[in-house]
Amino acid sequence: MSERPSRTRALRLGRTFAAVAVLCALPFYLDAFWLRIGLFSMAAAVGAVGLGLLSGTAGQLSLGHAFFLAVGAYGYVWLAGEPGPGLPTSVAAVLAVLLAGAAGGLFSPVAGRVRGVYLGVATLALVFLGHHVLLTADSVTGGFNGRSVPPLELGGFSFSSDSELTLLGVPFGAEERLWYLGLALFAVTWFTARGLLRGRPGRALVALRDSETAAAVMGVDVARHRAAAFVVSSMYAGLAGVLLALAFRRVVPDYFGLVLSIDYLAMIVIGGLGSVAGATAGAVFVTALPLLMTRYADQLPLVAAPGTDDGTVGPTEAARYLYGAAIVLILLFAPDGLHGLARRLRARLRRIRAAPPPAGATAPSPSPASAVRAKEPTP
Amino acid sequence: MTTFLDTLFNGLALGAVYALVALGFVIIFKASGVMNFAHGSLLLLGGYLTAVLHDDLGFAAALAVSVLVTAAVAGAMDRFLLQAGGGADPHTAHVQTIVTIGVDIVILTDLSRRIGGDLLSLGDPWGDDVSALGPVTVADSRIAAIVVSALVITGVFALFRYTSWGLSLRAAAEDVEAASLMGVRLVRVRMLAWCLAGALAALAAVFLAAFPAPGLERTTGQIALKAFPAAILGGMASPPGALAGSLLIGLTEALVAGYQSELHVLGEGFGDVAPYAVMVLVLLVRPTGLFGGKAAVRV
């Protein structure tokens, strides 16, 4: 009995290493287009994990995620750029994340008191008010046209294609370098978020979501935890904002609108509420789909190439159709999202594999994996 | 003084139209616990149908058809997409809210594609006529907006109060299980609520696209989003609250836009976002809106 947990752990460790190795090797084989998709997906995943923490685990509906992304992105650009304090870019990046957290903290008087749908619409206000500020505060945000993003420099190493760098015969431009940055930041997000969820704070938040009164009776400080969830989620959003700004190389106000907030909400719901892996899967799905559709528009049936006469369905529209339909269909057939779908698939596979020996002999011996699963929040 | 009265009247007309949309939100929320993000595209659908049909059918018939079709679409959306999952626990409502986002994306994409950059006229009978009302000159379409909204809203309140459907709806909003045990057909009550909300949205589209607005654009549906703060201000589960919230939002927007030169510190176009600022302030003081009751918690 003592052997099995260690064997599963070794198996899991091996799988993790394999995944990391593949992800690290990709820039040597993929061209810039695919790397950009990956980069945007990683940035989106960081933000989605943050929103998942807030809306999925703590049960606080937020439509204001775009605002905190904007705070991160613009915070970095302003702190590192001209006009602005012109700080070293790495310092600016860290401060931008903290700034986003502070913005979340400032909102906590509302977040701590307002619940459910009311909170959702209150955060909607953040997006619109924030957009208004981005448009009017010209000196900081550059107004309607936005600002260009100074590339990040870390100890003399620049994450841009300014300097020549060739590794193993592959020229390393901005995309290749940013890929590793994104990967590192995503890894940080992945492990910190999982740690949070599985530790005391995560349990407290889940208890809070399921019943505030019961949680308070068990000794959870309701207002403090609600506010903390908001701050932490905003910090992840700020990090995602910085990464997005670096990937886009220009920030414009119109990107950080309500549509972006809704996209993030769609990511965590498609992925499955309350799960880090689910949020990541949802982020990749929502980010990559429109980009892929645009790229392969000419090979898809019923889709016209961009720029042909109107009345036909262009690639961006086709992507929107598919995206909208995907949300409806996934939720219709799997209300617990991709994460739940994967879980059920795995359970079925295990049952098939366990089938050959007579069912009675290996009586329901719950594997350690299933014990872990039972602890996860059942949505 | 004239400017003030002018602004006041504008605000009132705006509030009346928002009230039509906000009432739809509240009805849907009361009946199903879902925040309908597809309301904007339902509104656009209603407007688009009126715009396309009014040449052949005349305005009144086109409006009637579009109201019916929009109501049917809203009802079908609830019956076949949202209720397909079944159940009424809060988590389901959460998921269903996101499903409406998906539906919104699909409908909005299609209508935007059809409308493109055009400005569609709805062929309403008021055109750009104006009448003098004491010292102020007001557009006929605005007067019509106020009158029609008042009539329709009175009608809806009467539906709530005097019909068996209204009674069922209120019972279901109060306690789903008890209502179900008393023989309330939840599925049908809920679907009818969605139909009613869709019809209200289609009607609101007419006044949003009428003079002095230039016509129906693909962004017209976004105006429905301003009814969110209106509904929240009043308390999401209270129809009279939605009415009060809508008037407040309409007046705020008109006043801020009307006195923009005095408020230039807040930046150009603050009128568009003022409703949200008001809402946040109100929520700070009253977390469940002006008329929202404090929910009793039973452990």
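A crossing of two helices is called left-handed if the near helix is turned anticlockwise from the far one by less than a right angle, and right-handed if clockwise. Keep that in mind for the exercises below, which work through a predicted model.

Task: Find out what the mean pLDDT of chain B is and what the model scores for ipTM and pTM.

Solution. Start with chain B: its mean pLDDT is 81, and 92% of its residues reach 70 or more. Then turn to the model scores, which are ipTM 0.78 and pTM 0.80. A word of care: where pLDDT is low, the predicted coordinates should not be read in detail.

**Exercise 1: H2 and H8 of chain A**

Task: Describe how helix H2 (residues 32-57) of chain A packs on helix H8 (residues 174-198) of chain A.

Solution. Step one is the geometry: the two axes come within 9 Å, with a crossing angle of roughly 20 degrees. Step two is the class of angle. Angles under 35 degrees count as roughly parallel, and H2(A) and H8(A) are therefore roughly parallel to each other. Step three applies the opening definition: H2(A) passes H8(A) in a left-handed crossing. Step four looks at the residues. H2(A) contributes, among others, Leu35(A), Leu39(A), Met42(A), Val46(A) and Val49(A), while the H8(A) side includes Trp179(A), Leu183(A), Phe186(A) and Leu197(A). Sorted by class, this contact holds 17 nonpolar, 4 polar and 3 charged residues.

**Exercise 2: H3 and H12 of chain A**

Task: Work out how helix H3 (residues 65-80) of chain A is oriented against helix H12 (residues 258-271) of chain A.

Solution. First, the axes come within 7 Å and cross at roughly 110 degrees. That angle makes H3(A) roughly perpendicular to H12(A). Next, list the partners: His65(A), Ala66(A) and Leu69(A) of H3(A) meet Leu258(A), Leu260(A), Ser261(A) and Tyr264(A) of H12(A). Finally, classify them: 5 are nonpolar, 2 are polar and none is charged.

**Exercise 3: H1 and H9 of chain B**

Task: Is the crossing of H1(B) and H9(B) left-handed or right-handed, and which residues make the contact?

Solution. Helix H1 (residues 2-32) of chain B and H9(B) have axes that come within 8 Å and cross at roughly 65 degrees. Their crossing is right-handed. From H1(B) come Tyr18(B), Val21(B), Ala22(B), Phe25(B) and Val26(B); from H9(B), Ala227(B), Phe228(B), Ala230(B) and Ala231(B). The class count is 9 nonpolar, with no polar and no charged residues.

**Exercise 4: a hairpin in chain B**

Task: Trace how S1(B) and S2(B) form a hairpin.

Solution. Begin with the pairing: strand S1 (residues 130-133) and strand S2 (residues 136-139) of chain B run antiparallel, joined by 4 bridges. Within the pair, Ser131(B) stands opposite Val138(B). Now follow the turn: 2 residues lie between the strands, and Gly134(B) there has a positive phi of about 65 degrees.

**Exercise 5: where the chains meet**

Task: Which element gives the largest share of the side of chain B that touches chain A?

Solution. Count both sides to begin: 36 residues of chain B and 35 residues of chain A take part. On the chain B side, helix H4 (90-115), helix H9 (227-234) and helix H11 (270-285) each give two or more residues. The largest share, 11 residues, comes from H4(B). By class, this side of chain B has 25 nonpolar, 9 polar and 2 charged residues.

Methods
Residues are numbered from 1 along each chain as its sequence is written. Chains are lettered from A and ligands numbered from 1 in the order in which they are written. This is a predicted model: local features need pLDDT of at least 70, side-chain atom pairs count only at pLDDT 80 or more; totals for chains, interfaces and linings use all residues. Axes are lines fitted to C-alpha atoms, for helices over the stretch in contact, and angles run from 0 to 180 degrees between N-to-C directions. Angles under 35 degrees count as roughly parallel, over 145 as roughly antiparallel, 65 to 115 as roughly perpendicular and the rest as oblique. Two residues are in contact if their C-beta atoms, placed from the backbone, lie within 7 Å. Ala, Val, Leu, Ile, Met, Phe, Trp, Tyr, Cys and Pro count as nonpolar, Asp, Glu, Lys and Arg as charged, and the others, Gly among them, as polar. Two strands pair if DSSP finds at least two bridges between them. pLDDT is the predictor's confidence in each residue, from 0 to 100.
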